[in-house]
Amino acid sequence: MKVIMLGAPGAGKGTQAKMIAEKFGIPHISTGDIFRANIQKGTELGAEAKKYMDQGLLVPDELTVKILLDRVAQDDCGKGYVLDGFPRTIPQAKVLDEALEKLGEKIDYAVDVDVADEHIVKRMSGRRACLKCGATYHVEHIPPRQEGVCDSCGSDLVLRDDDKPETVMNRLKVYHDQTQPLIEYYGQKGILRKVDGTMEMQDVFHAIVDLLG
Ligand code: AP5
Ligand code: MG
Ligand code: ZN
């Protein structure tokens, strides 16, 4: 099964994508996590991506598409995957569709995790992220067992550089301009499924599992 998670920054794409990936035994692929891992390792790709991410802008399609296509060609993707944060523009969606078509494959579902802008800024300031394994927490809603420490891998948790309120506002604008058109794109293909992302995390998860079933 191949699933795309759509939604504004902070809608909970990453949170839900991890749970879906675990339930169905398929990899969770986040282009944002791949970029952040590269920034942490100090690679050339990381340095290039950081220039855009810190301003809340999208990393250019050319770079992003190559990384994603390389990733989905790996062996662990044979049974499918959950894409989180890709595609984010119509050109990215088209390149993905064309690449899959050549293999005789297709995306099964695009899940839109719907959360209004008012909720987003509040959520982001409380988010804490593990840059090592990609796990995310929220100081109020989803706290780690020990404050500041990742439950999964024991690394320190940080506030992401792009979670400052000004940058979040930019990311929301970029989302509405460049990413939201994908809702219509997948709607026309008949594979769009919408879920209310303001519910409790577990309720959002159950709603998604029902939609995929
Ligand atoms: P990316 O890492 O994808 O960031 P994003 O889309 O802005 O989304 P987030 O990760 O911020 O939010 P999320 O929806 O995953 O929410 P989460 O589950 O963490 O991308 C970062 C940057 O990389 C981009 O700005 C861009 O520059 C670049 N990039 C990445 N992909 C790209 C692409 N394809 N093309 C070009 N550039 C690209 O949840 C948020 C918070 O809310 C957490 O604290 C969480 O614990 C909490 N929470 C989750 N669910 C609930 C709930 N139901 N109730 C209460 N709290 C909840
Ligand atoms: Mg995320
Ligand atoms: Zn971790």
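A residue is near a molecule if one of its heavy atoms lies within 4 Å of it. This is a predicted model, where local features need pLDDT of at least 70, side-chain atom pairs count only at pLDDT 80 or more, and totals for chains, interfaces and linings use all residues. Residues are numbered from 1 along each chain as its sequence is written, and side-chain values use heavy atoms, with hydrogens and water left out.

**Exercise 1.** Find how many residues surround ligand 1, and which are the closest.

Step 1. Count the shell: 36 residues surround ligand 1.
Step 2. Pick out the closest: Thr 15, Leu 57, Arg 88, Arg 127 and Arg 171.
Step 3. Sort the shell by type. It holds 14 nonpolar, 13 polar and nine charged residues. Here Ala, Val, Leu, Ile, Met, Phe, Trp, Tyr, Cys and Pro count as nonpolar, Asp, Glu, Lys and Arg as charged, and the others, Gly among them, as polar.

**Exercise 2.** Describe how the zinc ion (ligand 3) is held by its donors.

Step 1. Name the donors (N, O and S atoms within 2.8 Å of the metal, or 3.2 Å for Na, K and Ca). The SG atoms of Cys 130, Cys 133, Cys 150 and Cys 153 coordinate the zinc ion at 2.3 to 2.4 Å.
Step 2. Read the spacing along the chain: C-x2-C-x16-C-x2-C.
Step 3. Check the angles. They run from 101 to 118° among the four donor atoms, and the site is tetrahedral. For four donors, that term requires all angles to lie between 85 and 135 degrees.

Terms used
Chains lettered and ligands numbered in written order. Tetrahedral: all angles 85-135°; square planar, octahedral: opposite > 155°, others 65-115°.
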